[in-house]
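This tour moves through the structure one selection at a time. Please keep the viewer open and follow each stop in turn.

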Amino acid sequence: MDGVSDSVLVVDDDDRIRASLRLALEDHGYRVVDAADAETALESIGREVPDVVLLDLMLPGIDGFECCRRIRREHDVPILVVSARADSHDVVAGLEAGADDYIRKPFDMPELTARIRALRRRLQPTATLDGSSELRGAGVWMAPDRGEVRVDGQSVHLTKTEFRLLLEFMQHPGRVFTREVLLDRVWDYGYFGDPRIVDVHIGRLRAKIEGDTANPTRVVTVRGFGYKFDA
Amino acid sequence: MRTRRRLRLSVRLAVTFGVGALLVSTLLASTTYFLSRRYLAREQEHTVLRQAYFNAAVVRGGMQAQNPNVPALLDVLPAGIGTNALIEQGGRWYSTSLTVSRDGLPAAVKLPVRDGEVVQAWIRINGAPALAEGIPLPSVDGAYFQITNETALSRTLEVLRAVLAAAAAAATLAGAVVGWWASRRLTAPLRSVAAAAERIAVGDFQTSLPPETDVELGGLVDSFNAMVDALKERIERDARFAGDVSHELRSPLTTLSTALSVLQGRRNELSSRGADALDLLSGEVQRFQRLVEDLLEISRADEPGAPVDRESIRICELVLQVLAEGRYGEVTTDIDSRLLDATVEGDKRRLEQALRNLLDNAQRHGGGIVRVAVEPLDDAVAVVVDDMGPGVPAADVERIFDRFARGRLSRRRGSQGGTGLGLAIVREHARWHGGHVAVRNRPGGGARFQLELPTSGAH
């Protein structure tokens, strides 16, 4: 852990879950900060931005969705939503509120730590395949090593996950990616991920780089297969 | 117990209406016919008798003359077509026609005339109906007879009979048609109720009947719709309850499994007895976790009308992918190459789970997986999982797919961490995709589970 251990902010209103997660994550070498509600969590982030946020959606007062949106307004920190409800509706709503990934309660510790590691990896600066520092296509310009993206000359802010997704597309213009392949390459989960994560993130990416999200021209859907980048 | 099924209501009503119409129309037609016949016959008798009197008077006048010439007399009689006259005088007979002689006259006409009576009677001449009159002429010691052919009248009656019979037949048919139509009209709401009930039976709870304007039928429709709503609410409540229970169990389970993972990470700090107890605990918590997941899955299957996006899934790819997850080791696969592009319209997650549950079942209870095959069927594809266990007793072939069937099965199948819901979930998911799952024993021993799913594309 490079001498300085990664910090995880655990937001959950269940004392016992917080206590057990603190024990388990500390055993895995993480530094754990916890919060029992959204207000405390936002305060804590205001003091120090953690490396990963583990956010329960069912919180008293400000709920997890709103908390997620508020964190996202100010910070890029990867958010892993923890939900007892695995209904489509909750998962999609959580992702749309700005979460990078979700995991269902109860989870296995190895799975949880694998996801945290994957989220952390996405924070690392990324190099392009051919070593060049810039990519262009369809009016989009990106500098992977500096984390900058411009669409038609306008600077656009992407989250880490959105950035990785766009990078994957722009490195292989015209190639059709299935959602499973994207899960594997961007989220680093192989078969364990939920394809809905990809759909929601594609939607958010489109909102930022497409002129008309209803008729996308850059990241287009290939019916029955997945998505591709039209350069 | 079998009840003998009666004829369909519509047929019975049609027959009833038809028979009713037949009775009424036959009665009316025969009454009409007999009244008409009597009236026409009377009219004819009257006319003919009047003519006979007139002719008799002419004959009597002619015969009272000196040297009466009887044959000449016959010739001058005003006679219509088909009318023959006979004159008898002192035992001698004169006739206008060769075909009609005194022998043609029945005794019933001749005898009373001899006694001085006027007679009129219906007779048959060569099979044809005729009216015969006999008028005694005592002043000239003779009698006048007249025979009128009445074929025309009988023709008229025949036509009338035919027309009335046709009308009766038409009325009968019309009655049957009206009966059939009325029954269709009457049973239409019944049929729509039956169709709706069928849809509900297969789980489509969006079904409701359109409002009915008729008061009596409206009552049926209203109470049916109310019943559907109540049923739906109840099923939803039951499903929600199971779902809520599972959700509530998730929080303590999260704590349990997280705390256990801490203990497992420090296993070497425990004594060997402590480590054994930890392993037992871990195994059971995992099983508990699976049970909660399965309960949730089943309750979701029970929840009517949960919207799900269906997509085209390549079934062979899915099978290989699940096998590649590495939980089942090396498995012999047998995939029909014609099926490589076969797709199933459905939910990938459900199909994966159905498949995993079948494979888990073979591994836990069937002594291991022998072979996994994908085989073509008509408009469907069969995923076959063979195991090398003892097979399934005939009595359990259906029950094995029931929820928590384990306790009721005629043979214990061991309990190596199964939840008792795995095969029930397979059945739910198969049904959800419009397919089904069955088990039978392989000739070589062991069980063969076959999951059949309707395909969407061409093979």
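This is a predicted model: local features need pLDDT of at least 70, side-chain atom pairs count only at pLDDT 80 or more; totals for chains, interfaces and linings use all residues.

Select helix α7, residues 315-323 of chain B, where Ile315(B), Cys316(B), Val319(B) and Val322(B) are buried. Looking down the axis of α7(B), one finds these buried residues within an arc of 130°, so they line one face of the helix.

**Chain B as a whole**

Next, colour chain B by secondary structure. The chain holds 10 helices and 12 strands. Of its 459 residues, 27% are buried. Among the contacts in chain B with a separation of 6 or more, 63% are between residues 24 or more positions apart.

**The five-stranded sheet of chain B**

Select strands β1 to β5 of chain B. These 5 strands form an open sheet with antiparallel pairing, and their order across the sheet is β2-β1-β5-β4-β3. At the edges stand β2 (92-95) and β3 (119-125) of chain B, each of which pairs on one side only. On average, neighbouring strands of this sheet are turned by 20° against each other, direction ignored.

Helix α1 lies across β1 (83-89), β3, β4 and β5 of chain B, and runs at about 40° to β4(B).

**A hairpin and its further partner**

Move along chain B to strands β9 (residues 369-377) and β10 (residues 380-387). This pair is antiparallel, with 8 bridges between the strands. Ile369(B) has Asp387(B), in β10(B), as its bridge partner. The hairpin of β9(B) and β10(B) has 2 residues between the strands, and in it Asp379(B) takes a positive phi near 55°.

**A single residue: Leu295(B)**

Select Leu295(B), which is found in helix α6 (residues 272-302) of chain B.

Leaving aside residues up to four places away in sequence, Leu295(B) touches Ala242(B), Ser246(B) and Leu421(B). For one of these, Ser246(B), the C-alpha atom is 6.7 Å from that of Leu295(B), although the two residues are 49 residues apart along the chain.

**Where the two chains meet**

Show both chains together and select the contact between them. Chain B contributes 16 residues to the contact and chain A contributes 17 residues. On the side of chain B that touches chain A, the largest share, 12 residues, comes from helix α5 (residues 215-265) of chain B. Sorted by class, this side of chain B has 3 nonpolar, 11 polar and 2 charged residues.

**Helix α5 of chain A**

Turn to chain A and select helix α5, residues 109-121. The helix has 13 residues and reaches 18 Å from its first C-alpha to its last, close to the 18 Å expected at 1.5 Å a residue. Its buried residues are Met109(A), Leu112(A), Arg115(A), Ile116(A) and Leu119(A). Around the axis they cover an arc of only 130°, which puts them on the same side of α5(A).

What do the buried residues of α5(A) pack against? In chain A, they pack against β1 (7-11), α1 (15-27), β3 (52-56), β4 (79-83) and β5 (101-104), and this packing also includes α5 of chain B.

**The three-stranded sheet of chain A**

For the last stop, select β10, β11 and β12 of chain A. They make an open sheet of 3 strands in the order β10-β12-β11, with antiparallel pairing. The edges are β10 (176-178) and β11 (219-222) of chain A; each has a single partner strand, so one side of each is left without a neighbour in the sheet. Neighbouring strands here are turned by 35° against each other on average, direction ignored.

Finally, zoom in on β11(A) and strand β12 (residues 226-229) of chain A, an antiparallel pair joined by 4 bridges. Thr221(A) has Tyr227(A), in β12(A), as its bridge partner.

Conventions. Residues are numbered from 1 along each chain as its sequence is written. Chains are lettered from A and ligands numbered from 1 in the order in which they are written. Two strands pair if DSSP finds at least two bridges between them. Axes are lines fitted to C-alpha atoms, for helices over the stretch in contact, and angles run from 0 to 180 degrees between N-to-C directions. Two residues are in contact if their C-beta atoms, placed from the backbone, lie within 7 Å. A residue is buried if 20 or more other C-beta atoms lie within 10 Å of its own, exposed if 12 or fewer, and partly exposed in between; C-beta atoms are placed from the backbone. The arc is that of the directions from the helix axis to the C-beta atoms. Ala, Val, Leu, Ile, Met, Phe, Trp, Tyr, Cys and Pro count as nonpolar, Asp, Glu, Lys and Arg as charged, and the others, Gly among them, as polar. The expected span of a helix is 1.5 Å times one less than its number of residues.
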